Amino acid sequence: MAFEGLAERLQGTIQKIKGKGKVSEQDVKDMMREVRRALIEADVNLKVVKEFVARVSERAVGADVMKSLTPGQQVIKIVQEELQALMGGEQSPIKFNTKPPTVIMMVGLQGAGKTTTTGKLANVLRKKYNRKPLLVAADIYRPAAIQQLETLGKQLSLPVFSLGNEVSPVDIARQAIEHAKEEHLDVVIIDTAGRLHIDEALMQELKDIRGIKEPDEVFLVVDSMTGQDAVNVAQSFNDAIGITGVVLTKLDGDTRGGAALSIRAVTEKPIKFVGMGEKMDALEPFHPERMASRILGMGDVLSLIEKAQAEVDMDKAKELEEKFMTQTFTFDDFIEQLQAVKKMGPLDEILKMIPGASKIKGLDNAKVDEKQMAHIEAIIYSMTPAEKTNPEIITASRKKRIAKGSGTSIQEINRLLKQFEDMKKMMKQMTSMATGKGKKKMKLPGLDSLFK
Amino acid sequence: MSFFKRLKAKLTGNAAEEEKVEQPLLEEVEGNEEDKSDAVTPVALQEEPSFPVKEAKDIEEVAVTLPIEDTTVLEVVEHTQQEHAQDDVEEHEEPQEEKEEKKPSAWSITQKFKAGLAKTRDSFTSKVNDLVARYRKVDEDFFEELEDLLLQADVGIETVDELMDKLRFEVKRKNIKDTNGIQTVIAEKLVEIYERGEEDLIELNLQPKGELTVILFVGVNGVGKTTTIGKLARRLQQEGRSVMLAAGDTFRAGAIDQLQVWGDRVGAEVVKQSEGSDPAAVMFDAIHAAKKRGVDVLICDTAGRLQNKVNLMNELEKVKRVISREIPDAPHEVLLALDATTGQNALVQAKIFKEATDVSGIVLTKLDGTAKGGIVLAIRQQLNIPVKFVGLGEQMDDLQPFDAERYVYGLFAEGLEKELEDADEE
């Protein structure tokens, strides 16, 4: 079910090319076909995909790839470069009005996450930009939308302007701006109602709000899970009211987020923020290179390398490698590994960053529960040094003791022991693979259930 | 054409049934108009686009009561009329719609469905028609173009591949050379992939009267769970069942209030606790309250959650467990709300929510936009979860039962109608 990333997709084609010595135009075509499929599965709009693939093929045929010894990697490189270029360069900060208040309008379809994003944005403005935002409840249609914003305002201790759901949103916006001036609040964020881009009456309402005072920013809030329709939505909103930027929400999910590319391609407006969770501080600046990798399902190699370099001691790594080879990997090493990995950040985040992680059996649905990790640690810490180096000696009575000591159950200990055995076996496989033999699929048995 | 006839019959409703509904009105029809209608032939009707609207309506009603010898022709008459009335004068159509609304027939639902899908249909079907016009022959180019159309409907590459394979095979087998007739084959194959020989996929598993039915709603954030619950409550009430709502979204700001507003609107009691309380505890209370009051159906809201949040999915499992502990075979339905604008991630959503809560059906929301929600075909195909309802707007009555044939019909309506006309003229 997990969609294959581009790298995996290209494997097949590359296997065919291998040994041929020369890459033909047809081979490039085949690879482009895989690029196309990968992008479509990532929800990039088909038209955007076509233009994109045309551009990439041109570059690919233009020598680079065909002469290269590693055509697959060349293709991936070109794709990633182009993708990144299309996503836009550096991030653009928010444009503030020299004469306060700055007016920001939040628009989008129903359920995209406008109200939540409004709260988060206000929080960012206050924390990072040292502004005094006013939240304006202009969604008079959805039941309890106003309460929702008011609750958020209370949580954040920020003022919320509302006039109930009897007053027109245009009037609410007008009075809110006046109110902000009186109270010396320098940013007004207007949370408008979700609406279909084809609903002319409601689109007119947005134009009217826009007409009160030219907003400094109009943010289109888009669900990152949106499919092919993202193009229509972005185009319509942009045509009707002229958006200045995009906020991509729910990116903490596991969607590839191809919509980002579609929207960027049709509107040429920058993606300014991404929503990464339900908490009020989960709004982050947009990183084009990360998004490009994510869409291609290639993992965020750069960030991972950065993190790993910061945390991993090279000598220790060598030592560990030695242990892998000689099969003397013990629970002590295991826990050391766990600690090192933990330092790099939340485990599931890291897993996501590993290229091809989605492909490795067992890892694709490895859901990491940090609590579970604490249990594993507790179990290992409850073992005697002898047990750690030589788990075979752990008998039933020893298990009982370990369970008591770690506050876990015997079943959990059995599971850990079994998985540790499996892991050792797997390492044996990997080392034999590294020594040249076998196209065997990488498999990490038990890794998926290890942290459950 | 047999498939098409069956489809048509189903969509327009049983002719005899329609007749009964129209009967009282027909008595008011004046004699001279009856005369006129007797002489009416399908061809004549089609040639009268400037028909005065009132007459057109009357005649259409009469047409239904004509001695039924050739049902197909009659349906065409009725159909053509309806189309005329609809296309030419929309305002005049409305009173009739309302009239039909009182006793919703298969026909009126189709109309509603079509209206909701009109946007979808406009773009999609006009594209299919463009396609047919442009290609005289069914060749690789044609298939490629068709593939693009389906991909743009979010159907997903695997399902599209399968469909294209089937179509290619079918075209070869039947030796179809030109594009006339291909639309029927497309629709047929889509329905086939969806239904897989099963029928009655949309029935809710409701307990006999006097026993409590529990329906649990799950889904990611912002797909329209709470709104759908409001609409479903309304629907069940109209079927004569008493409904209670459980405010299980204790996380999102304002969610409880939102459900309360819906409860007030439809007149259903809402069981709730304060924000931040344990949703499982809310369910426990709600089940006991529902039992005590002798309510027929309890609909449980839950907080939206992304499927990759392990803790939140565990919480959802717990909610379900608590419900099952109180009533052994409950929840009787677990409905996954799915936003029609969602792309391929919907498949992952369906898979993981199914693992956690054993989802029994899908409600496809926001189908009144331009998104097609084609991913439901893939979900059905790969995970065997049927769509039970579709949300076609924000009004209380904008929830309709899903019907694969109607869904496909909505996508292909114009093309199919044209084919029928052609077949009729022959």
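Two strands are said to pair if DSSP finds at least two bridges between them. Helices (H or I, at least four residues) and strands (E, at least two) are themselves DSSP runs, numbered from the N terminus. With these terms in hand, the sheet of chain A can be described: eight strands form an open sheet in the order β3-β2-β4-β1-β5-β6-β7-β8, and the pairing is mixed. Strands β3 (160-161) and β8 (283-285) of chain A stand at the edges, and each has a single partner strand, so one side of each is left without a neighbour in the sheet.

The model is predicted: local features need pLDDT of at least 70 and side-chain atom pairs count only at pLDDT 80 or more, while totals for chains, interfaces and linings use all residues. Residues are numbered from 1 along each chain as its sequence is written, and chains are lettered from A and ligands numbered from 1 in the order in which they are written.

Within the sheet of chain A, strand β1 (residues 102-107) and strand β5 (residues 217-223) run parallel and are joined by four bridges. Helix α8 (residues 169-183) of chain A lies across β1, β2 (133-138), β3 and β4 (187-192) of chain A, and runs at about 165° to β2(A). Here axes are lines fitted to C-alpha atoms, for helices over the stretch in contact, and angles run from 0 to 180 degrees between N-to-C directions. Two residues are in contact if their C-beta atoms, placed from the backbone, lie within 7 Å.

Further along chain A, helix α10 (residues 230-241) and helix α11 (residues 259-267) pack at an angle of about 40°, with their axes 9 Å apart. Their contact is made by Ala230(A), Val231(A), Ala234(A), Gln235(A) and Asn238(A) of α10(A), together with Ala259(A), Ser262(A), Ile263(A), Val266(A) and Thr267(A) of α11(A). Sorted by class, this contact of α10(A) with α11(A) has six nonpolar, four polar and no charged residues. In this sorting, Ala, Val, Leu, Ile, Met, Phe, Trp, Tyr, Cys and Pro count as nonpolar, Asp, Glu, Lys and Arg as charged, and the others, Gly among them, as polar.

Chain B has 18 helices and eight strands. Buried residues make up 47% of its 426 residues, where a residue is buried if 20 or more other C-beta atoms, placed from the backbone, lie within 10 Å of its own, exposed if 12 or fewer, and partly exposed in between. The eight strands of its open sheet have the order β3-β2-β4-β1-β5-β6-β7-β8, with mixed pairing. At the edges stand β3 (269-271) and β8 (399-401) of chain B, each with a single partner strand, so one side of each is left without a neighbour in the sheet. From one strand to the next, the twist averages 25°.

Four bridges join it to strand β1 (residues 213-218) of chain B, and the two run parallel; Leu216(B) stands opposite Cys300(B). Strand β2 (residues 243-246) of chain B also pairs with β4(B) in the parallel sense, over four bridges, and Met244(B) stands opposite Leu298(B). In a regular strand the side chains alternate between the two faces of the sheet. Accordingly, Val297(B) and Ile299(B) point one way from β4(B) and Leu298(B) and Cys300(B) the other way, and all are buried.

A nonpolar core is a set of buried Ala, Val, Leu, Ile, Met, Phe, Trp, Tyr and Cys residues joined through C-beta atoms within 7 Å. Of the 178 residues in the largest such core, Val136(A), Val188(A), Ile190(A), Leu298(B) and Ile299(B) touch the most other members. A second, separate core of eight residues includes Phe331(A), Ile376(A), Met383(A) and Ile413(A). In helix α17 (residues 370-381) of chain A sits Ile380(A), which counts as buried because it has 21 C-beta neighbours inside 10 Å. Leaving aside neighbours within four places in sequence, Ile380(A) is in contact with Phe331(A), Phe334(A), Ile335(A) and Lys388(A).

Finally, the contact between the chains takes 35 residues from chain A and 33 residues from chain B. On the side of chain A that touches chain B, the largest share, five residues, comes from α7(A).
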